[in-house]
Amino acid sequence: MAYFDLEEQEQISAIKAWWRQYGRLVLGLAAAVVLSIAAVQGWRYYHDRQAAQASELYHALEQAVEKSDTAAAQESAARLMEQYPSTAYASMAALLAARLSFEADDAKSAEARLRWVLERNRDPEMTDFARLRLAGLLLDQKRYPEALTLLEQKHGEAFAGRYADLKGDILFAQGNVAEARAAYREALERIESNNPLRGLVEMKLDA
């Protein structure tokens with residue numbers, strides 16, 4: 001019995017010695033884990049709250065557009081871009097605001113909105129769409145080299161046909177008929193057979 005008591009004492013002494021040596025490290029690691037978990041949960045809460053608030057504001061923007069209240073729509077878009085720039089709603093609002101500005105013959109504001117999307121947005125497809133819109137805007141302003149530079153940037157396959165089609169429009173506007181024809185042919189190769197855009201591109205090519 002005394003043997004086991006002695007063995008237990010030795011084990012307790014060993015544990016105490018180990019704790020004296022490593023106790024602070026263990027407590028520090030435990031605290032770090034707890035703080036990390038709390039930080040992750042806090043970030044998720046903040047992110048979810050930001051997304052919910054941005055969603056409500058974007059809904060107000062859509063309602064303003066339905067009522068043809070351009071001023072209110074632009075105000076909502078500006079608030080989204082300023083207060084929730086990291087959300088997808090902000091980029092969608094900027095694209096919608098760019099369209100409204102273009103329809104109001106405010107090309108300068110439309111361009112600013114589109115460039116904001118290109119600088120802040122992280123969704124590849126939305127970036128491709130914004131770049132396509134901006135290139136079309138630059139075409140209208142006869143800023144051909146800038147427009148072509150945008151279209152030559154890497155983009156997703158889903159936009160390949162539309163990029164090639166717009167490239168053909170720009171080249172044709174510059175008087176580069178042969179290159180425009182090649183771009184339209186590429187567009188036809190990339191556009192799905194059931195896409196209505198094919199008919200328009202074929203008309204351009206025939207012309």
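1. Which residues in α4 meet which residues in α5? On the α4 side they are Ala-107, Ala-110, Glu-111, Leu-114, Arg-115, Val-117 and Leu-118. Their partners in α5 are Met-126, Thr-127, Ala-130, Arg-131, Arg-133, Leu-134, Leu-137 and Leu-138. Sorted by class, this contact between α4 and α5 has ten nonpolar residues, four charged ones and one polar one. Keep in mind that you're looking at a predicted model.

2. Now for how this pair is arranged. The axes of α4 and α5 lie 9 Å apart, and the two helices pack at an angle of about 155°. Angles over 145 degrees count as roughly antiparallel, so that is how α4 runs relative to α5. Their crossing is left-handed.

3. Next, the core. The largest nonpolar core has 36 residues, and those touching the most other members are Leu-114, Leu-151, Leu-166, Ile-170 and Val-201. Helices that each supply at least two of its residues are α3 (88–103), α4 (107–120), α5 (124–140), α6 (144–151), α7 (160–173), α8 (177–190) and α9 (197–206). With eight residues, α5 gives the largest share.

4. Leu-166 is worth a click. If you skip its neighbours within four places in sequence, Leu-166 is in contact with Leu-132, Ala-135, Gly-136, Leu-139 and Leu-151.

5. As background, nonpolar side chains in soluble globular proteins tend to be buried together.

Key: Residues numbered from 1 in each chain as written. Predicted model: local features only at pLDDT ≥ 70, side-chain atom pairs only at ≥ 80, totals over all residues. Heavy atoms only, no water. Core = buried A, V, L, I, M, F, W, Y, C linked by side-chain atoms within 4.5 Å. Buried < 20%, exposed > 50% of the residue type's maximum accessible area, 1.4 Å probe, protein only. Helix = DSSP H or I, 4+ residues; strand = E, 2+ residues; numbered from the N terminus. Contact = heavy atoms within 4.5 Å. Axes fitted to C-alpha atoms, helices over the stretch in contact; angles between N-to-C directions. Parallel < 35°, antiparallel > 145°, perpendicular 65-115°, else oblique. Left-handed = near helix turned anticlockwise from the far one by under 90°. Nonpolar A, V, L, I, M, F, W, Y, C, P; charged D, E, K, R; others polar.
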